[in-house]
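Me: I would like to go through this model and ask what each label rests on. Please set the values against the cut-offs.

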Amino acid sequence: DFTVRVLRGLSQVHGRAPLVVAHLGVFRVLCHTLEIAHAERPVANAVPLRFVPLAAGGWKLEAVPVAL
């Protein structure tokens, strides 16, 4: 199952703030797992996003500013 493969692969990632470059399916698995409702809305390609842990528990998703 795709979800199991994604979560198994991500469990192998170590570091404080790893960079994960992936397609929409992986994004949806992460949002679902972290209970972020954003997964149902369209996301543009090549937009850097950060999953941020909240002090009160849970997660939020925020765009990462990109300087050109």
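**The largest pocket**

Reply: The largest pocket has 30 lining residues, and P18, V20, L30, L49 and F51 are the ones nearest its centre. The model is predicted, so local features need pLDDT of at least 70 and side-chain atom pairs count only at pLDDT 80 or more, while totals for chains, interfaces and linings use all residues. Residues are numbered from 1 along each chain as its sequence is written, and side-chain values use heavy atoms, with hydrogens and water left out.

Me: What makes a space a pocket, and what makes a residue part of its lining?

Reply: The search runs on a 1 Å grid over the protein atoms alone, with a 1.4 Å probe; a cavity is a set of points where the probe fits but cannot get out, whereas a pocket is an open set with protein on both sides within 12 Å along at least five of seven lines. A lining residue has an atom within 4 Å of a point.

Me: Which elements give two or more residues to the lining of the largest pocket, and which gives the most?

Reply: Two or more residues each come from α1 (2-10), α2 (24-33) and β1. The most come from α2, with five residues. Helices (H or I, at least four residues) and strands (E, at least two) are DSSP runs numbered from the N terminus.

Me: Why is the pair R50 and E62 called a salt bridge?

Reply: A salt bridge needs a side-chain nitrogen of Lys or Arg within 4 Å of a carboxyl oxygen of Asp or Glu. The closest N and O atoms of R50 and E62 are 2.9 Å apart, so the pair qualifies. This pair links distant parts of the chain, with R50 in strand β1 (residues 49-53) and E62 in strand β2 (residues 59-63), twelve residues apart.

Me: What makes K60 and E62 a salt bridge?

Reply: Their closest N and O atoms are 3.7 Å apart, and that value is within the 4 Å limit. R50, K60 and E62 are therefore linked in a network of salt bridges. The whole structure has two salt bridges.

Me: Why are R50, K60 and E62 called partly exposed?

Reply: Buried means under 20% relative accessible area, exposed over 50%, and partly exposed in between (1.4 Å probe, protein chains only). R50 has 39%, K60 has 38% and E62 has 25%, so each counts as partly exposed.

Me: What is noted about phi of E35 and of A46?

Reply: Phi of E35 is near 60°, a positive value in a residue other than glycine. Phi of A46 is also near 60°, and A46 is likewise not glycine. E35 lies in the loop between α2 and β1, and A46 is found in the loop between α2 and β1.

Me: How do you know whether E35 and A46 are buried or exposed?

Reply: E35 has a relative accessible area of 74% and A46 has 81%. Both values are over 50%, so both residues are exposed.

**The chain**

Me: How many helices and strands are there, and what pattern do they follow?

Reply: The protein chain has two helices and two strands, in the pattern α-α-β-β along the sequence. Buried residues make up 16% of its 68 residues.
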